[in-house]
Amino acid sequence: MNAETILVTGGAGYIGSHVVRQLREAGESVVVLDDLSTGFREAVLDATLVVGQVGDEALVERVLAEHAVGTVMHFAARTIVPESVADPLRYYGNNTAQTRSLLERCVKVGVRHFVFSSTAAVYGIPGDGRVREDSPTQPINPYGSSKLMSEWMLRDLDAIGALRHVVLRYFNVAGSDPQARIGQSTKNATLLFKVACEVALGRRTQLSVFGSDYPTPDGTGVRDYIHVEDLAAAHLQALHYLRRGGASTTLNCGYGHGYSVREVIAAVERAHGAPLAVLEQPRRAGDPPSLVADASRAGEVLGWRPRYDDIDVIARTALAWERRLAAASPS
Ligand SMILES: NC(=O)c1ccc[n+]([C@@H]2O[C@H](COP(=O)([O-])OP(=O)(O)OC[C@H]3O[C@@H](n4cnc5c(N)ncnc54)[C@H](O)[C@@H]3O)[C@@H](O)[C@H]2O)c1
Ligand SMILES: O=c1ccn([C@@H]2O[C@H](COP(=O)(O)OP(=O)(O)O[C@H]3O[C@H](CO)[C@@H](O)[C@H](O)[C@H]3O)[C@@H](O)[C@H]2O)c(=O)[nH]1
């Protein structure tokens, strides 16, 4: 057991809450900072929750000092690609400017380690094949740009020896805690698996397929879907890596193979046992045709080994959580 406390920003959100749960199960001391803008108080389970913003300098400085925080895991962000296209300044404010403020406080009080939630969206429209960490970063939407700028701040702080980091570039995160204690509760969700599960349970009337004329095998967008439990485990391994003295690094988090929108729909239909109502729509702004990780470095550097690399397991766990939400608040 370690004496340090880990500050998890955005720990009441979908991914952060899975990491908080795994950290607590591993006996770590955790404090969550979340403004509950898209997160849920109950998702932090038995961790301490401070309600507030990452950009609140006085609050962050107090939390870092009072809890003797040695490591920050920074999930707090707005995360929706189309929303970032419509309202870019909100993304640069919440994701980039508030990260700058958080980093300034971390350096001031002497936080040693930083694990950052970045995204495959930093790559933009990649060339053929899987994307490597050294592939060009050319985001095509403000969300991706807002995250890339945060990566640059971390790189520059590392260069002066101020803070060591692991940047994890997540591909498309899906699924839920296999025991359905927590899951994705996001209101008005836009993510494909979540929307498909809501359609399956009659919480929405139909599922839009955004674009069927992409240069992909079936014409729909292809993504590398990673189960949230595997992604959460990568964070604990990143923590151990930094504690061992590992150098700052950037790692893709995906499985290395992609599924089309139609394949995801088919998996949710298998889990549900009935067809979904689907409507073909034009392409959505800001969407690349295909994004698939070369995720070999995460295995080499962290020893990360996926346990849930199965689209049917992702669909079943996502649907199980959705059933639980539906039972708690019938429509
Ligand atoms: N879901 C994905 O597929 C995916 C993929 C790549 C990267 N990411 C990144 O993972 C992280 C977590 O995403 P998620 O899917 O869990 O989203 P989420 O919306 O469920 O979680 C974000 C959390 O941060 C909180 N928050 C937002 N802005 C805040 C602020 N300024 N101060 C304090 N709290 C704030 C929200 O209330 C919420 O609890 C984000 O950084 C996101 O960019 C997600
Ligand atoms: O109702 C829907 C929702 C999505 N899609 C398509 O499904 C694919 C995946 O879309 P979505 O689930 O919305 O995820 P992305 O837009 O790929 O973005 C997610 O994945 C990124 C990493 O790749 C993260 O950075 C973002 O935070 C996260 O929102 C895309 O081709 C979409 O066009 C549909 O056809 N219908």
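Modeller: The C-alpha centres of domain 1 and domain 2 lie 23 Å apart, and the contact between them takes 30 residues from domain 1 and 27 residues from domain 2. This is a predicted model, in which local features need pLDDT of at least 70, side-chain atom pairs count only at pLDDT 80 or more, and totals for chains, interfaces and linings use all residues. Residues are numbered from 1 along each chain as its sequence is written, while chains are lettered from A and ligands numbered from 1 in the order in which they are written.

Colleague: What makes two residues count as in contact, and where do the domain bounds come from?

Modeller: Two residues are in contact if their C-beta atoms, placed from the backbone, lie within 7 Å. The bounds come from an automatic or database domain assignment, which gives domain 1 as 5–174 + 225–253 and domain 2 as 192–223 + 256–328.

Colleague: How do you know what confidence the protein has?

Modeller: By pLDDT, the predictor's confidence in each residue, from 0 to 100; the mean for the protein is 96, and 99% of its residues reach 70 or more. The model also scores ipTM 0.97 and pTM 0.97.

Colleague: What makes the set of 95 residues a nonpolar core?

Modeller: A nonpolar core is a set of buried Ala, Val, Leu, Ile, Met, Phe, Trp, Tyr and Cys residues joined through C-beta atoms within 7 Å, where buried requires that 20 or more other C-beta atoms lie within 10 Å of the residue's own, again placed from the backbone. The largest such core has 95 residues, of which Val 32, Leu 168, Ala 196, Cys 253 and Val 268 touch the most other members. Helix H7 (residues 228–243) gives the largest share of this core, ten residues.

Colleague: Which residues come nearest to ligand 2?

Modeller: Thr 119, Ala 120, Leu 192, Phe 210 and Gly 221 do, of the 22 residues around ligand 2, and that shell draws at least three residues from each of domain 1 and domain 2.

Key:
Near = placed C-beta within 6 Å. Buried ≥ 20, exposed ≤ 12 C-beta atoms within 10 Å, placed from the backbone. Helix = DSSP H or I, 4+ residues; strand = E, 2+ residues; numbered from the N terminus.
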